[in-house]
Amino acid sequence: MNKKGTLAILIGPSGSGKGTLIKQLLQDENETFLSVSATTRAPRPGEVDKVNYYFVSKDEFEQMIAEDALLEHACYCENYYGTPKAPVFERLERGEHVLLEIEMQGARQVKKAYPDAVSIFIMPPSIEELRRRLTGRGTETAEVIEKRMAAAVGEIEYAKECDCVVVNDDVIRAANEIAEILNRYTKQ
């Protein structure tokens with residue numbers, strides 16, 4: 001019997017370093033795949049369609065919902081985000097680990113539909129560091145940063161519902177911790 005990959009849900013406030021950790025994991029782990037989400041938000045500078053996200057219109061996203069083509073979906077800061085089902089299950093069947101970088105609403109949907117998924121909360125070292133990271137991006141207005149900071153307070157509360165919590169105070173250490181979690185949850 002072939003081993004199945006682990007479906008890992010990476011959750012954490014914007015600015016917690018999920019993207020940086022994912023880059024490190026993909027560099028270090030050969031059998032790890034990042035699920036590309038669909039979103040209705042505009043691309044940030046340097047983001048590429050079908051690489052960073054599937055950038056779609058609101059109408060296209062609502063069609064995906066109607067066709068049950070998403071593993072989960074949520075509305076966050078006035079934009080839709082969701083995970084296309086097909087690529088996730090194809091990779092898991094091949095024994096690859098699949099990482100989902102999603103918000104709390106979507107994580108709850110995935111855990112309900114796929115209880116074997118492991119939820120990993122990425123905790124920033126401090127609220128002050130979180131604000132510094134968001135501001136340092138230089139990609140969002142002060143108003144959006146304040147919305148994200150306000151949302152972070154509620155998101156941090158979700159950590160206690162997750163299977164694991166990883167503090168992102170050192171990228172290499174935190175990525176290694178996530179890799180250990182993925183291997184621990186792998187099904188035979």
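Which residue does Glu129 form a salt bridge with? I looked that up before anything else, bearing in mind that this is a predicted model. The partner is Arg132, and the closest N and O atoms of the two are 2.6 Å apart. I then checked where the pair sits: both residues belong to helix α5 (residues 127-137), three residues apart, or about one turn of the helix. Arg132 is exposed, because its relative accessible area of 52% is over the 50% cut-off.

I asked for the total and got 15 salt bridges. As a reminder to myself, side chains of opposite charge can pair when their charged atoms come close.

I picked out Lys147 and Glu78 next, whose side chains form a salt bridge at 3.3 Å, N to O. Lys147 comes out as partly exposed at 37% relative accessibility, and Glu78 as exposed at 66%.

Then I went to Glu47 and Arg41, which meet through their side chains at 2.9 Å, N to O. Is Arg41 buried or exposed? Arg41 is buried, with a relative accessible area of 8%.

I traced the strands of an open, five-stranded sheet and wrote down the order β2-β7-β1-β8-β9, with parallel pairing. Which strands stand at the edges? They are β2 (32-34) and β9 (164-167); each has a single partner strand, so one side of each has no neighbour in the sheet. From one strand to the next, the twist averages 25°.

I zoomed in on β1 (residues 7-11) and β7 (residues 97-101), which pair in the parallel sense over four bridges. Leu7 has Val98 as its bridge partner in β7.

Helix α1 (residues 18-28) packs on the sheet and touches β1, β2, β7 and β8 (118-123). Its direction makes about 165° with that of β7. Helix α3 (residues 85-93) lies across β1, β2 and β7, at about 150° to β7.

**Two buried residues**

I clicked on Asn168, in the loop between β9 and α7. Asn168 counts as buried at 3% relative accessibility. What does the side chain of Asn168 reach at 3.0 Å? It reaches the backbone oxygen of Ser16. Leaving aside neighbours within four places in sequence, Asn168 has contacts that include Gly17, Leu21, Ile122 and Arg133.

Ile178 was my next stop, in helix α7 (residues 171-185). Its relative accessible area is 0%, so I have it down as buried. Not counting residues up to four places away in sequence, Ile178 touches Leu21, Leu25, Ile120, Ile122 and Val166. Val166 is 12 residues from Ile178 in sequence, and their C-alpha atoms are 7.4 Å apart.

**Cysteines**

How many disulfides are there? I found zero. For Cys164, the nearest cysteine sulfur is that of Cys162, 8.6 Å away, and Cys164 is in no disulfide. Cys164 is buried at 10% relative accessibility, whereas Cys75 is partly exposed at 44%.

Terms used. Residues numbered from 1 in each chain as written. Predicted model: local features only at pLDDT ≥ 70, side-chain atom pairs only at ≥ 80, totals over all residues. Heavy atoms only, no water. Buried < 20%, exposed > 50% of the residue type's maximum accessible area, 1.4 Å probe, protein only. Contact = heavy atoms within 4.5 Å. Disulfide = S-S within 2.5 Å. Pairing = 2+ DSSP bridges. Axes fitted to C-alpha atoms, helices over the stretch in contact; angles between N-to-C directions. Polar contact = N/O pair within 3.5 Å; in protein donor to acceptor, adjacent residues only side chain to side chain. Salt bridge = Lys/Arg side-chain N within 4 Å of Asp/Glu carboxyl O.
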